[in-house]
Amino acid sequence: MDSKIEKTLKSDRIYEGKIINLRVDTVELPDKKYSKREIVEHQKAVGIIAFDGKDRIWMVRQYRKALDKMTLEIPAGLIEPNELPADAAKRELQEEVGYTCENINYLFDTYSSPGFTNEKMSLFLAEDLKESKLENDEDEFVYRESFEVDELYNMILNCELSDAKTIIAVLVAKKYMEESKL
């Protein structure tokens with residue numbers, strides 16, 4: 001199967017922002033008909049599974065305006081220009097939960113919602129944490145807490161966690177814990 005079955009004929013930038021851009025593409029479909037695609041271009045991001053001991057991971061609570069409510073999420077954030085993803089993960093870990101780490105390992109990339117955005121998040125596993133001064137971004141108010149992985153897993157099953165990257169991270173953390181307990 002051809003990896004590019006829609007040919008872009010025209011692309012119009014509608015909005016340029018600090019974090020996202022919005023464009024509308026006119027595409028030719030395989031049946032030679034035409035359609036419009038609204039695409040949100042998003043900066044690349046990182047998410048961190050930050051183990052606090054053997055069976056706990058650090059989470060952050062923060063208000064999300066798009067949802068108009070507080071959410072419980074793994075530490076995460078945007079990759080700055082010319083910054084390596086692993087360095088961004090270390091920086092976000094320090095900014096959001098106040099820890100540095102000796103070991104940070106890349107796990108995989110995920111796309112948040114490929115139907116309309118190119119946002120790519122690289123997921124990392126951080127271990128051997130050491131407390132450091134917490135330096136929040138000036139426009140972010142996050143509250144850190146650690147949870148047992150099984151408690152977070154049960155929160156997924158009880159529909160108490162709804163953030164996709166966090167659900168993925170908790171499932172990966174649970175599998176990692178099961179495999180590391182020989």
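A: The largest pocket holds about 1,500 Å³ of space. A pocket here is an open set of points on a 1 Å grid over the protein atoms alone, where a 1.4 Å probe fits, with protein on both sides within 12 Å along at least five of seven lines. Its volume is the space filled by probe spheres set on the points, which are joined across faces, edges and corners. The model is predicted: local features need pLDDT of at least 70, side-chain atom pairs count only at pLDDT 80 or more, and totals for chains, interfaces and linings use all residues. Residues are numbered from 1 along each chain as its sequence is written, and side-chain values use heavy atoms, leaving out hydrogens and water.

Now the lining. Elements giving two or more residues include β3 (34-42), β7 (76-78) and α3 (164-180). Helices are DSSP runs of H or I, at least four residues, and strands are runs of E, at least two, numbered from the N terminus. The largest share, four residues, comes from α1.

By class, the lining has 17 nonpolar, 10 polar and 16 charged residues. Ala, Val, Leu, Ile, Met, Phe, Trp, Tyr, Cys and Pro count as nonpolar; Asp, Glu, Lys and Arg as charged; the others, Gly among them, as polar.

Helix α1 (residues 85-97) also contains Glu92. Leu78 is among the residues that Glu92 touches, not counting those up to four places away in sequence; contact means heavy atoms within 4.5 Å.

Key:
1 Å grid on protein atoms, 1.4 Å probe; cavity = no way out; pocket = protein on both sides within 12 Å on 5 of 7 lines; lining within 4 Å.
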